[in-house]
Amino acid sequence: MLDSFYKTHQYLVERTVGPIRHALMDEIDWHKRLIGIKGSRGVGKTTFLLQYAKENFGPKDRRCLYINMNNFYFQEKTLFQFAQEFMQAGGQVLLIDQVFKYPKWSHELRHIYERCPRLRVVFTGSSVMRLKDDNPELNGIAASYNLRGFSFREYLNLRAGTNFRSHTIREIQNRHEHIADEVLAKVNPLNYFKEYLHHGYYPFFLDKRNFAENLLKTINMMIEVDILHIKQIDLKHLGKIKKMFYLLATSDYGTPNISQLSQDMQTSRATVVNYIKYLSDAHLFNMIYRLGEEFPKKPANILLHNTNLMYAMMPDYSDEQVVMETFFQNALWGRHRLQRGDRSCSFVVDEELKFRICLEQPKRKNMDVFYVLAGVKEGLEQEIPLWMYGFLY
């Protein structure tokens with residue numbers, strides 16, 4: 001039976017053409033014996049696994065094997081039995097896609113880790129999965145990483161044929177004028193920025209299909225499969241979760257009205273807060289709290305996870321301030337702690353850095369605030385162009 005898996009692996013690896021090489025490829029410690037790669041649906045987790053296989057083994061090297069838990073073969077044979085057979089045949093690296101679709105997957109991975117010492121396992125799963133909190137069997141043995149959609153830097157490199165590197169937030173603060181000079185010598189990033197906001201985050205914009213329709217299908221799959229399956233929510237609640245997502249996605253920007261949502265959905269306030277958390281785990285929303293507050297308290301603001309989601313839900317959306325704030329918080333998400341600011345700033349980052357997102361140059365400035373300007377190619381001192389925060393990864 002292994003032969004059929006090898007054939008599928010060879011076919012897929014040979015035909016894998018990753019549009020870009022994610023920086024995450026170099027950040028993962030591939031020597032770890034158990035590696036989990038999480039990410040929302042649509043960001044390219046399958047392609048990422050196949051790119052790793054192609055880059056490090058090639059399509060015909062039987063030491064590496066890609067398998068997908070959609071295969072009905074695993075209705076009869078356990079994942080551990082398969083891994084053991086693969087290892088005995090000389091296998092060294094097993095790439096398991098969509099592991100959450102396999103019952104008791106965390107137990108099986110623990111079993112493989114303990115009984116197959118010569119085998120390294122890399123598995124992908126939904127962003128809804130909480131590897132360590134919900135699966136104590138993997139505590140101390142699984143290294144977890146997040147794969148994100150395209151950054152603006154990655155999108156720009158792909159579309160303009162450039163090869164710009166990423167920068168830390170400190171580099172951007174201290175060297176943004178120099179970085180802008182380097183970029184502008186080759187390309188005007190503003191020529192690509194609006195299209196990135198509309199359709200540049202998810203790699204499937206490269207497919208010759210209607211992007212918005214494809215993204216709407218992806219959103220539905222996130223809710224119908226990822227949230228309901230992983231959180232073990234009864235199917236009868238699906239309509240309520242979808243309704244709440246729509247109400248939040250199309251509502252005015254601001255603090256969510258939990259009481260009103262509870263009335264609209266005819267459910268408890270606690271259930272509303274839990275549903276918001278599930279949608280956040282699925283990377284459909286980001287919850288923004290004030291300093292000193294966190295879940296399960298009510299967030300100060302809820303923003304869609306990225307701007308592509310905004311235009312899929314509201315094609316004619318016109319509040320540019322919210323669009324730019326959504327881009328900024330998405331660019332920092334996952335690597336920095338971002339909280340709602342006070343009157344002087346839009347956001348506080350890592351509990352110390354203050355940023356104000358501006359559509360035009362501020363008339364008055366505070367010395368402890370960085371002013372992030374939309375629509376400008378380059379900045380000066382405290383004033384930094386917004387597009388540059390798309391170079392954080």
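This short report walks through the overall build of a predicted model and then one of its sheets.

## Overall build

Let's start with the whole chain. The protein contains 14 helices and twelve strands. Its radius of gyration is 22 Å, close to the 21 Å that the globule rule gives for 393 residues, so the protein is as compact as a globular protein of that length. Along the principal axes, the C-alpha atoms fill a box of roughly 70 × 55 × 40 Å.

## Burial, surface and contacts

Of the 393 residues, 54% are buried. The accessible surface comes to about 18600 Å², and carbon and sulfur atoms account for 46% of that area.

## A five-stranded sheet

Five strands form an open sheet in the order E8-E9-E10-E11-E12, and their pairing is mixed. Strand E8 (338-340) and strand E12 (383-385) stand at the edges with a single partner strand each, so one side of each has no neighbour in the sheet. From one strand to the next, the twist averages 35 degrees.

Within this sheet, strand E9 (residues 347-349) and strand E10 (residues 353-358) run antiparallel and are joined by three bridges. Phe 347, for instance, has Phe 355 in E10 as its bridge partner.

## The helix across the sheet

Which helix lies across E9, E10, E11 and E12? That is helix H7 (residues 169-184), which runs at about 115 degrees to E12.

Conventions:
Residues are numbered from 1 along each chain as its sequence is written. This is a predicted model: local features need pLDDT of at least 70, side-chain atom pairs count only at pLDDT 80 or more; totals for chains, interfaces and linings use all residues. Side-chain values use heavy atoms; hydrogens and water are left out. Two strands pair if DSSP finds at least two bridges between them. Helices (H or I, at least four residues) and strands (E, at least two) are DSSP runs, numbered from the N terminus. Axes are lines fitted to C-alpha atoms, for helices over the stretch in contact, and angles run from 0 to 180 degrees between N-to-C directions. Contact means heavy atoms within 4.5 Å. The radius of gyration is taken over C-alpha atoms; the globule rule is 2.2 Å times the number of residues to the power 0.38. Buried means under 20% relative accessible area, exposed over 50%, partly exposed in between (1.4 Å probe, protein chains only). Accessible areas come from the Shrake-Rupley method with a 1.4 Å probe; for residues, only the protein chains shown count as cover.
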